[in-house]
Amino acid sequence: MPILDIKDLCVTYRSGAKRVRAVDHVSMEIEKGDSLGIVGESGSGKSTLAMAVLRLHDPRTTEISGQVLFEQEDLLTVSPARLKELRWKKLSVVFQKSMNSLSPVHRIGEQFEDIYRVHEPRASKEEIYKRVIHLLEMVNLAPRVYKLYPHELSGGMLQRINIALSLLFDPDLLIMDEATTALDVVTQGQILNEIKQMENQISVTRLMITHDLSVVATSCKKIIVMYAGQMMEFGYVRDVLSNPLHPYTRGLIQSFPSLHGEKSALKSIPGSLPDLADPPGGCIFAARCPNATPRCFQERPAERRMSEVHKVACHLYDGGEGA
Ligand code: SF4
């Protein structure tokens, strides 16, 4: 049974009379222990999807439909009290700029203690200290960091602190939204390695949102490629990256420098994302697709299962008149 089962999720932002469909009928299942990378260019709906899972949207300006079943409870309909209980203890998130959320006037240890006590008011100082030191070690930070202020730490160390904070209560699901994007490549590589090592020690399912294919290639087992709020392709990283089926996935890979193998010229995908306030009919990628046929401009492709796990939404694979 999947730990997270997203069914037909739609997220629409409202601004006056304007309505923007940022996530458009997305369904996916995430198995316990999976590490799933969600990739796509800016505006593909990756972060909106993560915010919907955590129910962080402002209901006054956002409409959400579908289901987000976390261990069979629908996060879109549970009571605010239950949602509060689930966040931190069962579901946790690290954002790109999480380091800015730390208070500059309190020591790191005090900030861990404060958060711990909100959820476990009776916890002793010693119990919290032991837990925090264990987590600091897990993200490769020395115990002395407990007594330091945020301004005494580098950006990479601060992001490690946030990863440690997100693990404070052993969550079952960890969402990392561009969590290593603001870091230099060396620090990013170190943190990705630490995350993988950490996952050998604890049982956590990870959703990794990034525009960077190398992050997914080096740290995830499965991948979802999103474009303009829709899922284009899903499968094991090794299958999708070595044998991409969707024209958008191929374009994304060609526009990204190869980490291994021969050097080749990068090719960008011509054109830009469609206007999601007035999306075109048919396949959402048709205007930029080198394989588009007249049918593609009229009919939205259904998701096709290509193997037990690999799925693709493209007419090329449904026996139609694809190129
Ligand atoms: Fe290209 Fe048509 Fe496939 Fe869309 S459905 S990705 S336009 S070939």
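## Cavity, helix pair and strands

A search of the whole structure finds one cavity of 30 Å³ or more. A cavity is a set of points on a 1 Å grid over the protein atoms alone where a 1.4 Å probe fits but cannot get out. About 100 Å³ of space lies in the largest cavity, a volume being the space filled by probe spheres set on the points. Its lining has 14 residues, with Cys283, Cys289, Cys296, Cys314 and His315 the closest to the centre; lining residues have an atom within 4 Å of a point. By class, the lining holds ten nonpolar, four polar and no charged residues.

The model is predicted: local features need pLDDT of at least 70 and side-chain atom pairs pLDDT 80 or more, while totals for chains, interfaces and linings use all residues. Residues are numbered from 1 along each chain as its sequence is written, and side-chain values use heavy atoms, without hydrogens and water.

Helix H3 (residues 108-119) packs against helix H4 (residues 125-138) at about 115°, with axes 10 Å apart. The crossing is right-handed. Phe112, Glu113, Tyr116 and Arg117 in H3 meet H4 residues including Ile128 and Arg131, where contact means heavy atoms within 4.5 Å.

Strands pair if DSSP finds at least two bridges between them.

| Strand pair | Direction | Bridges |
|---|---|---|
| E1 (residues 4-15) and E4 (residues 62-70) | antiparallel | eight bridges |
| E4 and E5 (residues 73-74) | antiparallel | two bridges |

Cys10 has Ser65 in E4 as its bridge partner, and Leu69 has Asp74 in E5. E4 and E5 form a hairpin with two residues between them, and Glu71 in the turn has a positive phi of about 45°.

Terms used
Axes are lines fitted to C-alpha atoms, for helices over the stretch in contact, and angles run from 0 to 180 degrees between N-to-C directions. Helices (H or I, at least four residues) and strands (E, at least two) are DSSP runs, numbered from the N terminus. A crossing is left-handed if the near helix is turned anticlockwise from the far one by less than a right angle, and right-handed if clockwise. On a 1 Å grid over the protein atoms alone, a cavity is a set of points where a 1.4 Å probe fits but cannot get out, and a pocket is an open set with protein on both sides within 12 Å along at least five of seven lines; lining residues have an atom within 4 Å of a point. Ala, Val, Leu, Ile, Met, Phe, Trp, Tyr, Cys and Pro count as nonpolar, Asp, Glu, Lys and Arg as charged, and the others, Gly among them, as polar.
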